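Hi,

Here is the structure I promised to pass on.

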Amino acid sequence: MRSHRQRLAEAKAAHNHPTYATMSFVMGCGVQGEGTESFVADEEGGRLLALFDQYGNQSFGYSHPRLVRAVEEQLASGRLNSTKIMFEEGQIRLTARLAELTEGRLPYAYLANGGGESIDNALKLARAATGRPGFVTAVDCFHGKTFATLSASGRPEHAAVFRPFMPGFQQVPFGDLDALDRAVGADTAAVLLEPVQAEAGVVPPPEGYLAEVRRLCDERGALLILDEMQTAFGRCGALFAHRLFGVSPDLMCIGKAFGGGIVPISAVLGTARVWESLRDQPSTFGSSLGGNPLACRVGLEVLEIATADGFVESVVAKGALIEERLAALVARHPRLLSAHRGLGMMHGLEFHDESLGGMVLGELLHRRVTSTYSLYNNRVLRVQPPMVISTDDLLAGLTVLDEVLDTLDGAAGPVPVRLSPMKRTVGVALSPDELATLLRARPHLLDPFAADPEATAGATVEPDFAGMVGFRPARWTEQVEVGPDGVVLRAEPDWLWHRLERSVRWRSDGAGGSTLTVRLEWDAGTGPYEPMLGGHLGRVLDDRLDLLLARLRQPAGAIDARGRS
């Protein structure tokens, strides 16, 4: 019988996002329950500690009491809907507060729902203000998933599906001033950058870079747009990250944590000069639910939390702790880790390949700590916990990360990465006839995907096979083929498995025993994410296969197909 978790995963795959449904299921993610502070419950009744704030959305944790109270008060007020023609106090107060917090440099704000929508608005404002068509962005940037923002990122995998992109976008390497100097010209409306590149793998700018970008823009008559979707509200150690670099943009976009992880709200903030185009063409901007009373009430409370005495200072202190611990990990585990980067409470830990990262993510989740990868650099594990996490909880999460890396990087060397296909050859004392009798009755005896390897099979089709995916149970339809010299197990292709095959074959060793070969091959159909998922699956399968083979293996003479004795 399928679990509630699997039924939800199947429905998500059937009606929403097949790849993400499979990824979450394979990695072992549960059904989300109640969230409080830096913890979220699952269907098993346990709590998971967040070392990642869901791309900035949960920067203030789960169910922050001040934000919950703000929602309750607004609901009770009866002011929930926008008329779009009357004066809405919450919206007006919120935009005035944003002007105050930017010290009047960005006195105007236009409210929307999501980040991509506000980036689109910034691009429109830049073209209208300058009369120019072009934009310069950074390689590996992330500004959203609308057509314009995907055009801004210019990634080849997106172009292969959505081409042609919108014209006018040119990418240069982040931090390369010479390339930027060559790119910004008379047709450049704006340079669009993240103060810290998030999905590229948490990449802060080189020293002096943003100041020089500002100078180039001023010199060439281009605007500077800063995307602070993931860096605002204190995340990097200042209310807005650009303050750390001594620059002020012409346009700034904020969102994600702006809604406290509860409601969608974003904004583009701009100078008076830029805003003249909105005065000239007021109907060119609009958002049906953008800046609605409920979202504005939460946004106002977020600003008050982020500007409270001691809040940013606490972020700086916890950021220093993260910096110290991650730097020590890189020094201690050079065989696993290649780099660490970060600023404030926004950090990335880079592995030598994404399979190692997947292995660590799976182990963390098994130990009830959550993190994730960077979208455009799967080798980078994000350490970006909610800013409200307590020091004790932060230390506990970092300690679990320490323990996982210590386990995977033992004194005898790093745990090897096992990816599909896996193959193991060993000698066993049983004769070929004995193996045939044994595996004909129990074909899953050497199947590390089986929840019960000892189960008997009386048919060639098992419509409700009880399997294990990583550390969690799953069910699928299984085909069983038993021959005189081998067993082949195949899952029927479905939402979970594009391909899953396990085979056990044997032959006489000439001395009364047998040489046994086990081969595992899987493909969850997640494309570029298969190496990451494989790092997690391969680690678990390798351990299980060791246990299963230990029952049959001779005390000496065992031979691993990869050369391991």
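Gly483 sits in strand E20, which covers residues 472-483; strands here are DSSP runs of E with at least two residues, helices are runs of H or I with at least four, and both are numbered from the N terminus. With a relative accessibility of 22%, Gly483 counts as partly exposed. That label comes from these cut-offs: buried is under 20% relative accessible area, exposed is over 50%, and partly exposed is in between (1.4 Å probe, protein chains only). Gly483 and Ala436 are 47 residues apart in sequence, yet their C-alpha atoms are 7.9 Å apart in space. If you skip the neighbours within four places in sequence, Gly483 is in contact with Arg440 and Trp506, where contact means heavy atoms within 4.5 Å.

Before you go further, a word on where this comes from. It's a predicted model, so local features need pLDDT of at least 70 and side-chain atom pairs count only at pLDDT 80 or more, while totals for chains, interfaces and linings use all residues. Residues are numbered from 1 along each chain as its sequence is written, and side-chain values use heavy atoms, with hydrogens and water left out.

How confident is the predictor? The pLDDT, its confidence in each residue on a scale from 0 to 100, has a mean of 94 over the chain, and 98% of the residues reach 70 or more. Residues 555-565 are the stretch to watch, with pLDDT below 50; the model still gives this stretch 25 contacts beyond near neighbours in sequence.

Next, another loop residue. Glu43 is in the loop between strand E2 (39-41) and strand E3 (47-50), and at 35% relative accessibility Glu43 counts as partly exposed. Its C-alpha atom is separated by 6.6 Å from that of Gly33, 10 residues apart along the chain. Leaving out neighbours within four places in sequence, Glu43 is in contact with Arg5, Gly30, Val31 and Arg472.

Now for the helices. Two packed helices are described by the angle between their axes and the distance between the axes. The axes are lines fitted to C-alpha atoms, for helices over the stretch in contact, and the angles run from 0 to 180 degrees between N-to-C directions.

Take H4 (residues 89-101) and H11 (residues 293-306): their axes come within 9 Å and cross at roughly 25 degrees. That angle makes H4 roughly parallel to H11. (Under 35 degrees is roughly parallel, over 145 roughly antiparallel, 65 to 115 roughly perpendicular, and the rest oblique.) The H4 residues in the contact include Gly90, Arg93 and Leu101, and those of H11 include Cys296, Leu300 and Glu304. H4 passes H11 in a left-handed crossing, meaning the near helix is turned anticlockwise from the far one by less than a right angle; clockwise would be right-handed.

Then there's H13 (residues 354-366) with H16 (residues 530-550), whose axes come within 6 Å and cross at roughly 55 degrees. This makes H13 oblique to H16, and the crossing is right-handed. Among the residues that meet are Glu354, Gly358 and Gly362 in H13, and Pro531, Gly535 and Arg539 in H16.

On to the backbone. Most residues other than glycine have a negative phi, and most peptide bonds are trans. Lys84 isn't a glycine, but has a positive phi of about 70 degrees. You'll find Lys84 in the loop between helix H3 (65-77) and H4, partly exposed at 45% relative accessibility. Phe233, also not a glycine, has a positive phi of about 65 degrees. Its place is in the loop between strand E8 (223-227) and strand E9 (251-254), and at 0% relative accessibility Phe233 is buried.

There are cis peptide bonds to look at too. One joins Arg163 and Pro164, with omega about 0 degrees, and Pro164 lies in the loop between helix H7 (156-162) and strand E6 (169-172). Another runs from Ser420 to Pro421, with omega near -5 degrees; Pro421 is in the loop between strand E17 (413-414) and strand E18 (422-428).

Finally, how many disulfides are there? The count is 0, taking a disulfide as a pair of cysteine sulfur atoms within 2.5 Å. For Cys253, the nearest cysteine sulfur is that of Cys141, 13 Å away. Cys253 is buried, at 0% relative accessibility, whereas Cys29 is partly exposed at 31%.

Cheers

Definitions and conventions
pLDDT = per-residue confidence, 0-100.
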